[in-house]
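Reader: I would like to learn how to read a structural model feature by feature. Please take me through one.

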Amino acid sequence: MKKLLAVAAVLSGYIFFEVLQYIVGHLAALAIPREYFLWFGKQYSMLALAIEEGFIIALPMFILSIIWSIFTNLIFGKNHLLISTGCLIGYFLHWIVTIFNTNINFMLVLSSMFQPYTILTTVAVPIGILCAGFVLSKFSHTNQHQRLVQ
């Protein structure tokens with residue numbers, strides 16, 4: 001049964017990548033006014049990009065990953081860290097498949113992931129999924145402990 005739950009969680013993470021790609025595509029298409037970048041000036045253009053990426057793309061990704069992880073954990077059950085880890089593995093699996101299917105240079109993708117303004121978008125989903133799994137795990141252990149004490 002644990003293997004079936006793990007496979008279901010991996011599939012959930014795989015599907016989550018598809019959903020997130022669609023949503024982030026719409027968020028990335030939002031037009032940022034030119035005045036926003038002019039206000040920061042040329043010397044602080046990286047800061048302007050980091051703030052824009054953080055609030056327009058990374059924050060929604062983080063929130064959606066928490067919601068998706070909670071939803072997956074509520075559907076599939078009790079072992080929250082296993083479910084969250086499986087969901088994260090599915091997410092990364094789809095990410096790797098997407099990179100190799102689109103003939104994008106893997107080193108180019110890795111180098112772009114760790115630019116100062118894209119770090120937030122790189123870590124938003126893994127942190128969100130694992131945080132939700134950890135909190136749910138702690139919450140369920142607390143509830144089990146309270147039931148045993150009573």
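**Reading the model**

Author: The protein chain of this predicted model has six helices and zero strands. From the N terminus on, the order of elements is α-α-α-α-α-α.

Reader: What share of the 150 residues is buried?

Author: Buried residues account for 32% of the 150 residues in the protein chain. The chain exposes about 9800 Å², with 73% of it supplied by carbon and sulfur atoms.

Reader: How should I read contacts along the chain?

Author: Take contacts between residues at least 6 apart in sequence: 78% of them join residues at least 24 apart. Neighbours within four places aside, Val 125 is in contact with Phe 16, Leu 20, Met 61, Ser 65 and Tyr 91.

Reader: Is Val 125 buried or exposed?

Author: Val 125 counts as buried because its relative accessible area is 0%, and the cut-off for buried is under 20%. Ser 69, in helix α3 (residues 45–76), is buried as well, at 1%. Leaving out residues up to four places away in sequence, Ser 69 touches Ser 84, Ile 129, Ala 132 and Gly 133.

Reader: How do I read aromatic pairs, and how many are there?

Author: Ring centres must lie within 6.5 Å, and the angle between planes then sets the class. The count is seven aromatic pairs. For Phe 16 and Tyr 91 the centres are 6.2 Å apart and the planes are at 40°, so this pair is tilted. The pair links distant parts of the chain, with Phe 16 in helix α1 (residues 2–28) and Tyr 91 in helix α4 (residues 80–101), 75 residues apart. Both Phe 16 and Tyr 91 are buried.

For Tyr 36 and Phe 40 the centres are 5.1 Å apart and the planes are at 70°, so that pair is edge-to-face. These two residues are separated by about one helical turn, because they are four residues apart in helix α2 (residues 34–40). Tyr 36 is partly exposed at 21%, whereas Phe 40 is buried at 12%.

Reader: Which residues do ring pairs link into a cluster?

Author: The cluster consists of Phe 16, Phe 17, Trp 68, Tyr 91 and Phe 92.

Reader: And how many disulfides does a search of the whole structure find?

Author: A disulfide is a covalent bond between the sulfur atoms of two cysteines. The search finds zero disulfides. Cys 87 is buried, with a relative accessible area of 1%, while Cys 131 is partly exposed at 36%.

Technical notes: Residues numbered from 1 in each chain as written. Predicted model: local features only at pLDDT ≥ 70, side-chain atom pairs only at ≥ 80, totals over all residues. Heavy atoms only, no water. Buried < 20%, exposed > 50% of the residue type's maximum accessible area, 1.4 Å probe, protein only. Contact = heavy atoms within 4.5 Å. Areas by Shrake-Rupley, 256 points an atom, 1.4 Å probe, with all protein chains shown as cover. Disulfide = S-S within 2.5 Å. Phe/Tyr/Trp six-rings, centres within 6.5 Å; stacked < 30°, edge-to-face > 60°.
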